[in-house]
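Please look through the model that follows before reading on.

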Amino acid sequence: MSSTHGMYLIKLQTTLETIRPGATVLPVILSSDKTQLTLFRGKMAYPVYLTIGNIPKEIRRKPSRQAQLLIAYIPTTKFEGITNKTGRRRTLANLYHGCMRLILSPINACGETGIPMISGDGVWRRCHPIYAVFVGDYPEQVLVTCTYGNRCPKCVVPIDELGSKSTFPLRDYKEARDAYLLADGDAHAFHLACREAGQKPVFHPFWEKLPLTDVFVSITPDILHQLLQGVFKHMVSWLIGTFGGSEIDARCRSMPPNHHISIFAKGISPLSRVTGKEHKNMSRLLLGLILDLPVPNGQVSPRICACVRALLDFLYLAQLPSHSPHTLARLDDSLSRFHDNKDVFVDLGIRAHFNISKIHSLTHYISSIQLFGTTDNYNTEQTERLHIDEIKDAYEATNHKDEYNQMTTWLGRREKVQLHSSFIAWRQQSNGDPVPSSVIPIGAPGPGARSLRMAKAPARKTVSFDDLAQKYGAIDFQDALADFIARTNHPTASAAALASLASDTLIPFRSVSVYHRIKFSSPDGSKIVDSIVVRPEQKDTRGRLVPSRFDTALIRGKSPSQDHLVCGVDGKLPSMQLLFQADTYAGHRIVQVRVVFEIPNKVIQQVFMPRTTPPRYLAYVEWFSQIPLNHGSNHQLHRVSRLAPNGRRHASIIPVDYILRSVHLFPFFGPQAPRTWNTFNVLEVCNTFYVNPFSDRDNYLVLS
Ligand SMILES: [Zn+2]
């Protein structure tokens, strides 16, 4: 019972317990997505999926685990015979609810009485399936709740309050249900009751008789349509409306590369039909596109930056896979900041009002997270993915005539085969013993664990020190290496002593083997979660020139509050306790990585003292200034600059182990981005940057 952690389940369990002690609640999660219709020779399929909240979300998320079952296709027809628009819409709603009523009739029957079922640990339980959550976009939510468009499907907010942060009472479920129970009687009385309840006169909505259900509560946040394809999309158009496309697009082209960043080479203003994924990619960059940018014929507007920052904070916090009271308070604060600053777009004449239902929907996020758990429990992106896999495969398996029956049979058979093969897999793996469920971390969110991955063989076996200087820009490589060797051999020596030891260090080799990429994988090694590219200009297989790329990274230093050096990326303590002097490198630092290399094995004994074990992978890095504790008040970003005393970049050699993650930097463009800057040269020609906390969720948790 670990997945729908929210209070809703606890409340439901308590209610059922008083009526029927010993019950196990199965919170039923339904989803349907009309916008993802697949066309089969002019006919359309409209899938409905079912899953239950008892299944951990980690399993529910993976299509391969089949935790989401396709339970029905709802027929769609345009009812072209009905010429009256309202009448046609009403008939469509009646058809939808008629189908859903039929599909869910088994739940109706056993929701209250329960049904015996065997659970994964081999125990029989009396299970009560209760319709709890609906996952779908706004038109679907309106359809399911039988409410009117441009109104909130959850609460009684008036239209002219949709753009405020105020909250309103939830719709009265009992009143709505009582109105629908009149459907079989006098038509006039029925319509009147519906109108008074603010509901559409639908003939017996499917949820009317479902036990312990409140359809208005069951409507959950929809990150994809409400935020990414909703408020965020609006924000992008307001910003382009304010600043014009050309400066924003020039900044898109001048963003430094990073593992998590897609460079919009043509900018974002010419894009049309932008997908949710593209909006997600844009959200990683958006703040950097407007920093220090004055409005036309005016000044830099702190309110615009504050408003964008607030919306991005809301977007990132709303998607956290776990929450604490602190993160929920931050979520609430970010929504307040958005509302406090949004009127700047009215003042600029970009908007007349904000009475948009998607903006209002954000006021329901915190209570939904408290009731039903984090938003990844009810995410429409998953069903879209499922839909594409299942419907297409099913259709392909038919002879394309009388498809629906064949598709249903095909899916039914496939489910049986899948069930049987998971049973066999389970028997083979466990000899019939129950498999212990995986431990799901619960608590305040933090960056995910990761392990460093290096290629088995270097990208270049012997690169001379001259080439390191000329092609990789590591102009102080030898000095940095001498310094590194002296520090490794004399970990307790003073700074002055180290300087003299370093100048006496002889380096008995002239080349090293070099790696062009540092990768980080998830702890189980199944996927690459981050990487840092460190390579000179080269030619691809077709002889075309690929520009050099030297990514920036976050280095774990010695934080002021810790008196010991923290662990390396792989969890091992770094061997050189004093590499970072407490007074020099406090807290996390940013570097640009120039070379990743190995010292040749054959010289290790010559160079290092006996009993010292130098780390295998080393990096030559150029330092940026300390990340300041304070930040800009409206955009809340930290500013850093390259460290180049006397015009020479400050560089050193550190173990690759000290590199925590890639970090993306927003160039300091000033009022106008120099048009000679581009994604390939910007890290070299620009000196001052803002640290981008939005490159991915982990960086957001570390840097915001
Ligand atoms: Zn509402």
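Two residues are said to be in contact if their C-beta atoms, placed from the backbone, lie within 7 Å. The model is a predicted one, in which local features need pLDDT of at least 70 and side-chain atom pairs count only at pLDDT 80 or more, while totals for chains, interfaces and linings use all residues. Residues are numbered from 1 along each chain as its sequence is written.

With that in mind, turn to His631, which, once its neighbours within four places in sequence are left aside, is in contact with Gln636, Leu637 and His638. His631 lies in the loop between β18 (618–623) and β19, where strands (E, at least two residues) and helices (H or I, at least four) are DSSP runs numbered from the N terminus. Because His631 has 16 C-beta neighbours inside 10 Å, it counts as partly exposed, a class between buried (20 or more other C-beta atoms within 10 Å of the residue's own) and exposed (12 or fewer), with C-beta atoms placed from the backbone. Although 59 residues separate His631 from Tyr690 in sequence, their C-alpha atoms are 9.7 Å apart in space.

The strand β19 belongs to an open sheet of three strands, in the order β19-β23-β22, with antiparallel pairing; two strands pair if DSSP finds at least two bridges between them. The edge strands, each pairing on one side only, are β19 (639–641) and β22 (664–667). Between β22 and the antiparallel strand β23 (residues 688–692) there are four bridges, and Leu665 stands opposite Val691 in β23.

Elsewhere, helices pack against each other. The axes of helix α13 (residues 325–341) and helix α16 (residues 365–372) come within 10 Å and cross at roughly 160°, where axes are lines fitted to C-alpha atoms, for helices over the stretch in contact, and angles run from 0 to 180 degrees between N-to-C directions. The helices α13 and α16 are therefore roughly antiparallel to each other, a term for angles over 145 degrees. Their contact is made by Leu328, Leu331 and Asp332 of α13 together with Tyr365, Ile366 and Ile369 of α16.

A second pair is formed by helix α6 (residues 173–180) and helix α7 (residues 187–197), which pack at an angle of about 165° with their axes 8 Å apart. That angle makes α6 roughly antiparallel to α7. Here the contact is made by Glu175, Ala176 and Ala179 of α6 and by Ala193, Cys194 and Ala197 of α7.

Terms used:
Parallel < 35°, antiparallel > 145°, perpendicular 65-115°, else oblique.
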